Amino acid sequence: MSKRILLIIGGGIAAYKCLDFVRRARERGIAVRAVMTRAATEFVTPLSFGALTNDNVYSDLFDLNDEREIGHIRLSREADLIVVAPATADLLAKMAGGHANDLATAVLMATDKPVLVAPAMNPRMWLHPATKRNVATLDADGIQFIGPSSGEMAERGEAGPGRMAEPLDILAAAERLMGEAADGRQTTRGLRVVPDFADAPLAGRHVVVTSGPTHEPIDPVRYIANRSSGKQGHAIAAAAAKLGARVTLISGPVTLPDPADCRVVHVETAAEMMAAVEATLPVDIAIFAAAVADWRVANAGREKIKKTAASRVPELALVENADILRTVAHHRRARPSLVIGFAAETEHVIEHAKKKRKAKGCDWIVANDVSPATEVMGGDRNTIHLVSSKTMESWPEMSKADVADALMRRVAEHMAQIGAAAE
Ligand SMILES: Cc1cc2nc3c(=O)[nH]c(=O)nc-3n(C[C@H](O)[C@H](O)[C@H](O)COP(=O)(O)O)c2cc1C
């Protein structure tokens, strides 16, 4: 028999995403029945859910027809799993308190099936002590959580943890739980369980990260490039988002997918990257991991430069590109609290990095040896040295993802220290 989900939709902006959840579930042969809170019907119509579920949509505890037809107790037992999405702060509070004053909460109290909740709310609501208490209570009660993730909110200028998990991720978690329940296996602790509240130390901070190479045109079809893959910069952007920051990633041409929960600006040349960085200021933290071309071609051809038997080999005149790191580190109006540059060196790595930090005026330099033998350029691993005005640390070889995580943790600690010092 096909699996059945009872979807309880709460009154949040992310309610519209549940339409996609229903469609995807039905594509997989999973039947979905919808219960909407009264607030949810302010965001999406029952008609839409009715059409997509091909079933009645239930919202009123005291609707006699519904009670005669099915009743809230049967509703709560006929599914293999209950999914609450978006789980509002209000719904979490009612669930934790054992309320049953509407259909959604009465069903949740009466069920004997596993319950998966996908919270979605403003970061301040999510980080509120009351929500923390409620989530801890629900975790202790065996309720499963998926998300929330971090990133920009629907409200302008708001960022941090509180975005509902993507419909496909909720569905994957739901399928897993239903599989475990059918096998009679323990259903708890299988997922990304209780969200770690302490783990959003960069909530409310805006981070700009540059990544990848730049391409400097020679003519409309040719360009000067470098071997940067963008792997390290993209990993840093993802790590910053995981810690709750609002992240703007400014990426040169790379073959990598855009990391989740980041606003990504795609650029090609150093000049475009400079303009994109300036347009993003002010930010709290700037991390310049891109391998920006030092020079561009002054006499780039408007048309493709032709190779003819008679013509001589063209001469390229190079001019210097603007120095993004130096410009931002010396910005008069909008210098970020923390400016981090990268130094890709092939010899005397630490010595050059120390000199570079002073010359550019940035706070930290992440230096790495990019000689071909190290396979750092394009590879998945990195060995870095972290240079500040007072200290120099050499980190052991790690994956670029681990370097990114460790670096962003260090950034979070630093921001907490300077934040505390300013108070
Ligand atoms: C425009 C708007 C957006 C809202 N978005 C959310 C949200 O994303 N998460 C949340 O917890 N509450 C949100 N709220 C508040 C809830 O709608 C409100 O707490 C409501 O009582 C929730 O009811 P329910 O939990 O029964 O669905 C929003 C309110 C408005 C007016």
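**Exercise 1.** Find the residue of E14 that stands opposite Val209, and state how strands E9 and E14 pair.

*Solution.* Val209 stands opposite Ile287 in E14. Strands here are DSSP runs (E, at least two residues), and helices likewise (H or I, at least four), numbered from the N terminus. Strand E9 covers residues 206-211 and strand E14 residues 285-288; the two pair in the parallel sense over four bridges. Pairing requires that DSSP finds at least two bridges between two strands.

The model is predicted: local features need pLDDT of at least 70, side-chain atom pairs count only at pLDDT 80 or more, and totals for chains, interfaces and linings use all residues. Residue numbers start from 1 along each chain as its sequence is written.

**Exercise 2.** Give the strand order of the open sheet of eight strands, and identify its edges.

*Solution.* The order is E13-E12-E9-E14-E17-E18-E20-E21, with mixed pairing. Strand E13 (262-266) and strand E21 (392-394) each have a single partner strand, so one side of each lacks a neighbour in the sheet and they stand at the edges. From one strand to the next, the twist averages 15°.

**Exercise 3.** Describe how helices H1 and H2 pack.

*Solution.* H1 (residues 17-27) and H2 (residues 46-53) pack at an angle of about 10°, their axes 9 Å apart. Axes are lines fitted to C-alpha atoms, for helices over the stretch in contact, and angles run from 0 to 180 degrees between N-to-C directions. H1 is therefore roughly parallel to H2 (angles under 35 degrees). Leu19, Val22 and Arg23 in H1 meet Ser48, Phe49, Leu52 and Thr53 in H2 (C-beta atoms, placed from the backbone, within 7 Å).

Key. Parallel < 35°, antiparallel > 145°, perpendicular 65-115°, else oblique. Contact = placed C-beta atoms within 7 Å.
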